[in-house]
Amino acid sequence: MKHGSLLTGALYAIFVYAMFSLVSCDDKTEYIEVNSIILNTSALELTVGETYQLTATITPYNAQNQKILWTSSNASIANVEMGTVTAIKLGTATITAITDDGNKTATCEVKVNPNNSGGSDSSNDDNNGNVGNEGNADIGDVTGYADLSSDGTANSYIVSDAGNYKFKPTKGNSSTSVGSIVSVEVLWETFGTDVTPSKGDLIQKAAYKDGYIAFVTSDIYAEGNALIAAKDEGGNILWSWHIWMTDYPKEHVYRNNAGTLMDRNLGALSATSYDPRSNGLLYQWGRKDPFLGLTDFAEEESIGIEAASTLEWPEHKVSDKQVGTIEYTISHPTTFIVFDPSVEVYDSEYDSWDQYYDWIHKDSPSVTRWSSNKTIYDPCPTGWRVPDEMWETAGIPVNALSDFKNHVIADHRGFIVGKDYCSHDAWYPASGMRVYWEMEDDNYEYFLVTNFGTYWSVTDQGILYSDGYSDGGSWDGYYDGHSVRCQKE
C-alpha cells in the first residue's frame, strides 16, 4: 500500500512535469500568420431574392487567427452576412472577404438578375419577328407613359426609376423631325463595370408609337447607360438617344459666377470620390453619342479596360471625305473616327504645317458642333449643355502644373475641387481618354488610356489632369474621346 502510494505520487509528479513542459513548449511556439484567403467562387449570378453561401479558405490551414470580415460594395444590390450573399435588386456588387490577421482579401463579383425572363426572352416577341429590345417590340398603349421630353427635347434623358417612358423623336433640342421611323432598337446597354449585361437588363423593349419613342425598363431598376436608335425602312439609323439611368445629378455652383455644373461626369453612375463608377462615358468633340469609359483607376499610364456592354463595338475608322462628316456620325453612332495622319494644315501662328487632329475631314462643310448656345449635337440632357471654359474663371488653378496638389486634393485617381472654388466638394476622376497615338514611325494605334482626366468645353480649351499635373488650353485634337461635365443652361 505504501509502495503503491509512492508510485502514484511519482507518476503524478511525472505527469505534472510533462504538462508543465508542454505548456512551456507551447508558449515558445512561433505565431502562425495568415498567408492568403480564397473563396470557392470568384463570380456569381443570382436572381432577386436568391441566396448563396460563400466559403472562404485561409492558408495555412493552421493559421491562429481565422476571423473574417465580410463586406459588399453595394449592399442595396447584394448583401452579405457571415458569407451568406442575398440578392436584393438588379445590378452588380463586389463581395469581399478580409482576414482579421494581415488584411488579406478575396473577392467575388455578384451579378443580380431579375427573377423573370426580362427583355431577352422570346416571350417579348411582337409577332413580327422582333424580339425584346431589338426591332420594334409590341409596347402597348403609351398614353400613360412618362414623357421625358415634356420639359424639352435632348439627345440624352435621365431615368431614375423603373417604369414606362417616352420622348419626342426630334434632332436634339430642336423641333425638327428625324425622319420616317419604321423601327427602334436598343443598340447597347452597360452597367459601367466589367460585368456584361444581358440584353434587356436595363431596357426590356422599345418602339415607335403614337409619335413617340417609347421604352420599358427592366422590372427591377438597374443603374447604367443605354443607346436607343430610330431606323428607317432600310434599317439605316436616323438618330439615336442616350438613356442615362442614375439618380438625378446635384447642382454645383462655381465661384465668380463661373457657372453651375453637374456633380458628376455625363454617363457617370456616382459622384462619390474614388468610386470607379464616377468615370462616366467619353465623347469626341462635337459628337452627340457616347463611347464606353474605364472600369477602374490605374496607378500609372497604361492601356485601360473599358466597361462591358451588350455590343461588339465596330473597328475605328480613319477620317476621309465620306467618313469624316456629321451625317456619317449620325448614322454610325458607335463608330469612333480618328484623324488622318497624312492630312496637314498650315498654322500661320507658328508658320508650320501640322497634322489635322479632327474627326471631321478638312474639306467637309463647316458645322457648329458645340456652342454656348446649345446645338442639336449637344450630348447633355434637357436643361444642360456642354460647359464653357469656366474653371479658371472660378479660380481653379488648372494651369498650376506641378503645384496643382497644393491647391486641391489630388492623386492618380483624380482631384477634388473644394469649397474655395465651388459650393460643394466636386470630384473629377481620372476617367481616361480615347486616343490615336503614333507608337512608331507611321504606326498609329487606337486605344483607351488610363491615368488621365480630360474634360471638354464648348471650345478645345478644357482640362487635362494626370497624377497631380494639370493643364488647360488647346491641349489635344477634336478626335479624342474625353469626359463631359454638363453646365446648367
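User: How many salt bridges does the structure hold, and what makes the contact of Arg-264 with Asp-247 a salt bridge?

Analyst: In this predicted model, the structure holds 14 salt bridges. For Arg-264 and Asp-247, the closest N and O atoms are 3.1 Å apart; a salt bridge requires a side-chain nitrogen of Lys or Arg within 4 Å of a carboxyl oxygen of Asp or Glu, so the pair qualifies. The pair links distant parts of the chain, 17 residues apart, with Arg-264 in the loop between strand 19 (259-262) and strand 20 (283-284) and Asp-247 in the loop between strand 17 (237-245) and strand 18 (251-254).

User: What makes the meeting of Arg-264 and Asp-263 a salt bridge, and is Asp-263 buried or exposed?

Analyst: The side chains of Arg-264 and Asp-263 meet at 2.8 Å, N to O, and because the cut-off is 4 Å, this contact also counts as a salt bridge. Asp-263 is buried, as is Arg-264.

User: How do you know that Lys-288 and Asp-289 form a salt bridge, and why are Lys-288 and Asp-289 called buried?

Analyst: The N to O distance between the side chains of Lys-288 and Asp-289 is 3.0 Å, which lies within the 4 Å limit, so the pair is a salt bridge. Lys-288 has a relative accessible area of 5%, while the value for Asp-289 is 2%; both are under 20%, and therefore each residue is buried.

User: Which residues are linked in a network of salt bridges?

Analyst: The network links Glu-223, Asp-275 and Arg-277.

User: Which residues form a negative surface patch, and why is Glu-440 called exposed?

Analyst: The negative patch is formed by Glu-438, Glu-440, Asp-441, Asp-442 and Glu-445. Glu-440 is placed in strand 29 (residues 433-440). Its relative accessibility is 55%, and because exposed means over 50%, Glu-440 belongs to that class.

User: What makes strand 13 largely enclosed, and how is strand 13 joined to strand 16?

Analyst: In strand 13 (residues 183-190), 8 of the 8 residues are buried, so the strand is largely enclosed by the rest of the structure. Strand 13 and strand 16 (residues 224-231) run antiparallel and are joined by 7 bridges; because pairing requires at least two bridges, the two strands count as paired. Within this pairing, Ser-183 has Lys-231 of strand 16 as its bridge partner.

User: Why are strand 10 and strand 14 called edge strands, and how do you know that strand 14 pairs with strand 15?

Analyst: An open sheet is formed by 4 strands in the order 10-12-15-14, with mixed pairing. Strand 10 (146-147) and strand 14 (203-209) each pair on one side only, and they are the edge strands. Strand 14 is joined by 6 bridges to strand 15 (residues 212-217), the two running antiparallel, and since at least two bridges are needed, they are paired. In this pairing, Lys-209 stands opposite Tyr-212 of strand 15.

User: What is noted about phi of Asn-256 and Asn-451, and why do they fall into the classes exposed and buried?

Analyst: Phi of Asn-256 is near 60°, a positive value in a residue other than glycine, and Asn-451, likewise not a glycine, has a positive phi of about 70°. Asn-256 lies in the loop between strand 18 and strand 19, and its relative accessibility is 54%, which is over 50% and therefore exposed. Asn-451 is in the loop between strand 30 (443-449) and strand 31 (453-455), and its value of 7% is under 20%, so Asn-451 is buried.

User: Which peptide bond is cis, and where does Pro-60 lie?

Analyst: The bond from Thr-59 to Pro-60 is cis, with omega near -5°. Pro-60 lies in the loop between strand 4 (56-59) and strand 5 (68-72).

Conventions
Residues are numbered from 1 along each chain as its sequence is written. This is a predicted model: local features need pLDDT of at least 70, side-chain atom pairs count only at pLDDT 80 or more; totals for chains, interfaces and linings use all residues. Side-chain values use heavy atoms; hydrogens and water are left out. Patches are made of residues with over 30% relative accessible area and no salt bridge: like charges are joined within 9 Å, nonpolar side chains (Val, Leu, Ile, Met, Phe, Trp, Tyr) within 5 Å. Accessible areas come from the Shrake-Rupley method with a 1.4 Å probe; for residues, only the protein chains shown count as cover. Lys and Arg count as positive and Asp and Glu as negative; His and the chain ends are not counted. The place of a charge is taken as NZ of Lys, CZ of Arg, CG of Asp or CD of Glu. Buried means under 20% relative accessible area, exposed over 50%, partly exposed in between (1.4 Å probe, protein chains only).
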